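Visitor: I'd like to learn how to read a structure like this one, feature by feature. Could you walk me through it?

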Amino acid sequence: MLCFPQANNKKGEAMNFQGSRRRGEEGIAVVIDFLLSNAHLVLGVGGAAVLGIATLAVKRLIERAGRAAEDEKVKQKMAESWEELSSVSASPTLLKKGVEGVKHVAKAARQQKAELSQQPQTSSSEVPPKPASKSKRLQLCALSLQERLQQYYHTRAALHPDEVLRAQSLAVDICSEIQGFLHSRVPDMPLGEMSLGGSLLDDLQVVSADHACLLVPLQLEATLWRLIPGEETLLTHPLHWMIRRVNLEYFPRGLSYWDRHLVGGYLSAEAVVNMFSKTVMESVNWLSISSTLDCLVRPVLGGPDLRLEIRPGNEDGAASSEPPVFISVLPLLTEEDVVLTAQPELTAPWVNAWHLSLYPWENRRLTQLDAADGGRRRHALKILKAVCRLNPSLRPLGAAPLANLILHLSDAEGDWSETSLHVRFRQCVAELIGYLEQGALHSYFKPAVNLLSGLSEDQVDRMGFMLYCAVSEPEILLI
């Protein structure tokens with residue numbers, strides 16, 4: 001359940017826009033009161049866009065009023081409102097009523113914007129307008145939500161092919177270097193062919209091509225190892241699988257290369273990651289590789305995962321000003337359509353647990369659905385990912401909850417054509433609010449998994465506040 005705690009009595013009176021002392025007031029005073037009492041909140045939600053439109057409307061109303069008595073009354077109300085604002089906390093957890101206030105502000109701004117657009121143009125004898133800037137403002141105001149979404153996709157979500165190619169090229173070069181090093185350093189380690197994976201390869205990365213995933217497949221003897229589903233383990237977690245060493249009476253320990261990483265009769269994901277950290281991260285001559293590839297390559301040490309930072313070099317051999325690319329080295333095991341990854345940061349504190357990756361299933365399902373009806377589900381997913389990545393309040397929402405949100409919505413809605421993108425976008429916002437209120441968004445393929453379980457109460461409150469405001473004004477998410 002979304003939590004928006006009420007403020008104390010004094011603050012509650014300050015936030016109550018329908019109190020008795022305001023009931024008889026209309027026009028300028030009400031709009032200014034809404035704006036000034038919620039200035040901090042509007043800035044936190046819609047940024048300069050909503051506040052700028054509303055302030056412009058108020059300014060025009062004041063200029064048209066032209067009465068000194070009205071001006072004095074406005075100044076008095078401004079002083080009172082700012083005093084009220086200073087006594088109110090800016091935390092979004094107070095804003096159950098504040099949400100309604102922001103919606104009233106946005107509504108007033110829309111009404112005044114429509115009124116302004118209907119006013120006749122000024123004559124040439126009056127103050128000369130600025131044609132270029134004015135036409136641009138009118139053009140922005142005239143954009144529909146559908147057009148704004150398309151614009152946002154091409155300017156924020158979609159990546160330039162050259163940027164993607166650059167990141168992929170760097171990742172492929174690093175992949176070749178690491179694979180060659182392992183073959184020469186530990187030739188008896190049974191590994192499959194390394195490859196790239198993840199959102200960069202599947203055209204699902206947004207905003208910037210700044211990370212890639214290097215998949216390192218481990219090869220296990222089918223007769224010596226058994227993959228145990230998470231529901232059948234002592235952990236009883238659907239995503240925490242284990243790999244047990246079997247047939248020890250016929251094939252004693254030591255016959256498999258991976259026996260050296262056993263902990264309690266199970267192959268330990270943490271032990272495998274520690275081995276790769278020492279063998280690759282701490283042993284590879286990164287300076288030599290950097291000079292060979294004309295870029296700066298260095299391991300990111302100290303974290304639970306295996307990551308490399310690559311900064312492209314310039315002509316004199318120094319690192320360029322271009323943003324770095326981070327490559328995650330990911331040991332994994334595959335059996336049919338099951339992909340288990342060694343990610344201790346996701347399975348801690350269980351050292352023997354392997355993480356069941358649902359990403360291949362989710363991506364495959366989205367691709368199949370789009371191919372069957374010519375839909376734009378992946379298109380919508382990239383827009384949502386960009387919105388969440390660029391909005392501080394929504395940043396805790398990762399790709400997995402958003403992908404499952406679209407999969408669940410696809411079961412109820414069949415029209416995912418490009419022309420219905422704005423309708424689906426609004427539905428995604430409304431559905432996400434419902435999931436946050438329930439405190440659960442269940443995985444499409446593993447209903448027992450709650451994809452919102454890692455969010456704190458404060459994060460849920462912040463996201464809920466932002467999305468509530470976006471119900472009536474979805475454009476605030478596209479700033």
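Guide: Happy to. Let's begin with a term: a residue is called buried under 20% relative accessible area, exposed over 50%, and partly exposed in between. Keep in mind that this is a predicted model.

Visitor: Then is E232 buried or exposed?

Guide: E232 has 53% relative accessibility, so it counts as exposed because the cut-off is 50%. E232 also forms a salt bridge with R226, where the closest N and O atoms are 3.5 Å apart. R226 itself is partly exposed, at a relative accessible area of 37%.

Visitor: How many salt bridges does the count come to?

Guide: The count comes to 13 salt bridges. Another of them brings together the side chains of E231 and K446, at 3.2 Å from N to O. E231 lies in the loop between strand 3 (225-228) and strand 4, while K446 lies in the loop between helix 16 and helix 17 (457-472), so this pair ties together parts that are 215 residues apart in sequence. The two ends have their own labels: E231 is partly exposed, with a relative accessible area of 41%, and K446 is buried, at 16%.

Visitor: What about a salt bridge between strands?

Guide: Look at R298 and E309, whose closest N and O atoms are 3.2 Å apart. R298 lies in strand 7 and E309 in strand 8, so the pair ties together parts that are eleven residues apart in sequence. R298 is partly exposed, with a relative accessible area of 39%, whereas E309 is buried, at 10%. Salt bridges with shared partners join R298, E309 and R311 into one network.

Visitor: How should I read the strands themselves?

Guide: The general idea is that side chains in a regular strand alternate between the two faces of the sheet. In this structure, strand 7 (residues 295-300) and strand 8 (residues 307-312) pair in the antiparallel sense over six bridges.

Visitor: Over how many bridges do strand 8 and strand 9 pair?

Guide: Strand 8 and strand 9 (residues 325-335) pair over four bridges, in the antiparallel sense. There, R307 has S328 in strand 9 as its bridge partner.

Visitor: Now a helix, please. What is the span of helix 13 from its first C-alpha to its last?

Guide: A simple check is to compare the end-to-end span with the expected value, which is 1.5 Å times one less than the number of residues. Helix 13 (residues 359-373) has 15 residues and reaches 22 Å, close to the 21 Å expected. After helix 13 comes G374, with a positive phi near 65°.

Visitor: Which residues of helix 13 are buried?

Guide: They are W361, E362, N363, L366, L369 and D370. Their cover includes strand 11 (354-356), helix 14 (377-390) and helix 15 (399-412).

Visitor: Which residues make the nonpolar surface patch of about 350 Å²?

Guide: Y250, F251 and L255 make that patch. F251 is found in the loop between strand 4 (240-245) and strand 5 (262-263). F251 is partly exposed, with a relative accessible area of 35%.

Visitor: Could we finish with the whole chain?

Guide: Of course. The secondary structure comes to 17 helices and eleven strands, and buried residues make up 47% of the 479 residues. Among contacts with a separation of 6 or more, 65% are between residues 24 or more positions apart. The accessible surface comes to about 24,300 Å², and 54% of that belongs to carbon and sulfur atoms.

Conventions. Residues numbered from 1 in each chain as written. Predicted model: local features only at pLDDT ≥ 70, side-chain atom pairs only at ≥ 80, totals over all residues. Heavy atoms only, no water. Patch = residues over 30% accessible without salt bridge, like charges linked within 9 Å, V, L, I, M, F, W, Y side chains within 5 Å. Areas by Shrake-Rupley, 256 points an atom, 1.4 Å probe, with all protein chains shown as cover. Salt bridge = Lys/Arg side-chain N within 4 Å of Asp/Glu carboxyl O. Helix = DSSP H or I, 4+ residues; strand = E, 2+ residues; numbered from the N terminus. Buried < 20%, exposed > 50% of the residue type's maximum accessible area, 1.4 Å probe, protein only. Contact = heavy atoms within 4.5 Å. Pairing = 2+ DSSP bridges.
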